[in-house]
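Here are some questions and answers about the terms used for this structure. Each answer sets a value against its definition.

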Amino acid sequence: MTIEIPEYARAVCERLEQSGEEAYIVGGSLRDSLLCKSASDYDVATSALPERMVEIFKDYRVIATGLKHGTLTVMSEGKPIEVTTFRVDGGYSDSRHPDSVSFTRTIEEDLARRDFTVNAMAYNEKRGLVDLFGGRGDLQNGIIRAVGEPERRFGEDALRIMRAFRFSAQLDFEIEKETLAAASECRGGLARIARERIASELFKLLSSKSPEKALAKMCETGVAEYVFCSYLPESELIALLPQMPNDPAARLGLLLCNAGGDKAREIVGSLRCSNKQRSVALAVAEHSSRCIETQRDCSHLRAELGERAEAVMCASVLRGYTHKDALRFLESDSAPHSIAELAVGGNDLSKLGFDGREIGKTLAYLLECAIDQPALNTRESLLELARKKYKEKGE
């Protein structure tokens with residue numbers, strides 16, 4: 001079997017082997033290569049100890065941020081390659097990080113500590129594929145299976161439960177029966193995992209082409225309760241996910257449509273989302289029951305929600321509140337969506353005699369007029385409306 005390795009990654013392996021060390025391609029790039037997918041982010045496992053790696057790559061640009069755990073990032077032809085010493089992990093008292101890391105001289109021991117069989121393979125051009133746990137067969141059969149005893153794997157690191165469902169969604173694989181049962185049994189460990197780590201796995205899952213099957217399994221096994229703060233998304237909403245734009249925040253918002261405003265805010269807040277992700281998710285959760293029937297409705301929605309309006313409208317269509325033909329309003333919407341898009345500004349109103357808060361109120365009034373009738377968004381038309389407004393004020 002021949003696996004194509006790019007020259008920049010091969011150069012790193014060859015440097016290690018020429019120095020008397022072993023070097024193997026491992027991780028997601030190897031998995032993707034075996035699936036005949038384009039691979040990136042190549043990782044290398046080596047027998048070289050950290051100090052030895054530094055010596056071997058002394059003429060390369062390197063980043064030593066993970067050196068105490070045996071990882072050195074080597075820049076090869078401008079591409080980062082993570083090179084990690086073969087290692088075995090100690091106990092996991094916090095259900096996330098090993099209490100200790102010991103280096104070993106064999107790739108076999110290193111592979112035995114990994115999470116799933118499809119990730120527990122290594123490739124060396126001389127030795128070929130090292131596959132101790134049947135990972136290649138599981139790739140061919142579309143199965144996510146824990147390495148060794150699944151309860152032990154999930155007990156060591158409960159985040160692996162989320163990774164199982166994430167890989168299931170990304171690869172469109174089934175989770176093996178015993179592995180799935182162990183995920184359910186060990187799900188309480190997720191309560192001790194940092195929420196931003198859970199969010200990272202959830203968003204990767206939601207970004208997959210078909211996330212609905214994995215999410216349904218998360219609900220069936222009780223795992224979803226630890227992700228969504230005891231809230232369970234309805235199966236009808238889960239089924240709609242593939243039809244939503246592939247924005248994980250928008251898809252999260254769709255899942256939370258029936259949670260209620262307070263609960264939705266609690267869930268999104270707990271996941272430590274970025275401000276933009278939070279804004280999109282809550283906009284979809286709170287506004288997708290609105291019915292958009294006219295161009296004016298669409299313009300007002302965009303003025304209120306900005307770029308979030310498209311995701312809200314898509315969710316509204318999927319949920320049956322808005323007819324699918326209304327999506328055409330997004331393309332033909334010519335109305336201004338903010339005061340900044342008006343053909344006049346505060347200085348223009350000041351010259352007419354407006355001052356203070358009157359300027360802001362009048363600009364808001366002009367925006368409403370221009371949303372209702374986009375043709376009014378010209379300097380002449382808006383100034384005429386402003387003059388009438390000023391005259392009414394005087395009367």
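Q: Why is phenylalanine 86 called buried?
A: Its relative accessibility is 0%, and buried means under 20% relative accessible area, with over 50% exposed and anything in between partly exposed (1.4 Å probe, protein chains only). Phenylalanine 86 therefore counts as buried. This is a predicted model, in which local features need pLDDT of at least 70, side-chain atom pairs count only at pLDDT 80 or more, and totals for chains, interfaces and linings use all residues. Residues are numbered from 1 along each chain as its sequence is written, and side-chain values use heavy atoms, without hydrogens and water.

Q: What makes tyrosine 24 buried or exposed?
A: Tyrosine 24 has a relative accessible area of 3%, so it is buried.

Q: Why is the pair of tyrosine 24 and phenylalanine 86 called tilted?
A: Rings of Phe, Tyr and Trp (its six-membered ring) pair if their centres lie within 6.5 Å; planes under 30 degrees apart are stacked, over 60 edge-to-face and the rest tilted. Here the centres are 6.2 Å apart and the planes stand at 45°, so the pair is tilted.

Q: What makes the pair of phenylalanine 57 and tyrosine 60 edge-to-face?
A: Their ring planes are at 90° and the centres 5.3 Å apart, so the pair is edge-to-face.

Q: How do you know whether phenylalanine 57 is buried or exposed?
A: Its relative accessible area is 1%, so phenylalanine 57 is buried. Tyrosine 60, at 22%, counts as partly exposed.

Q: Which residues do ring pairs link into a cluster?
A: Phe116, Phe154 and Phe167 are linked in this way.
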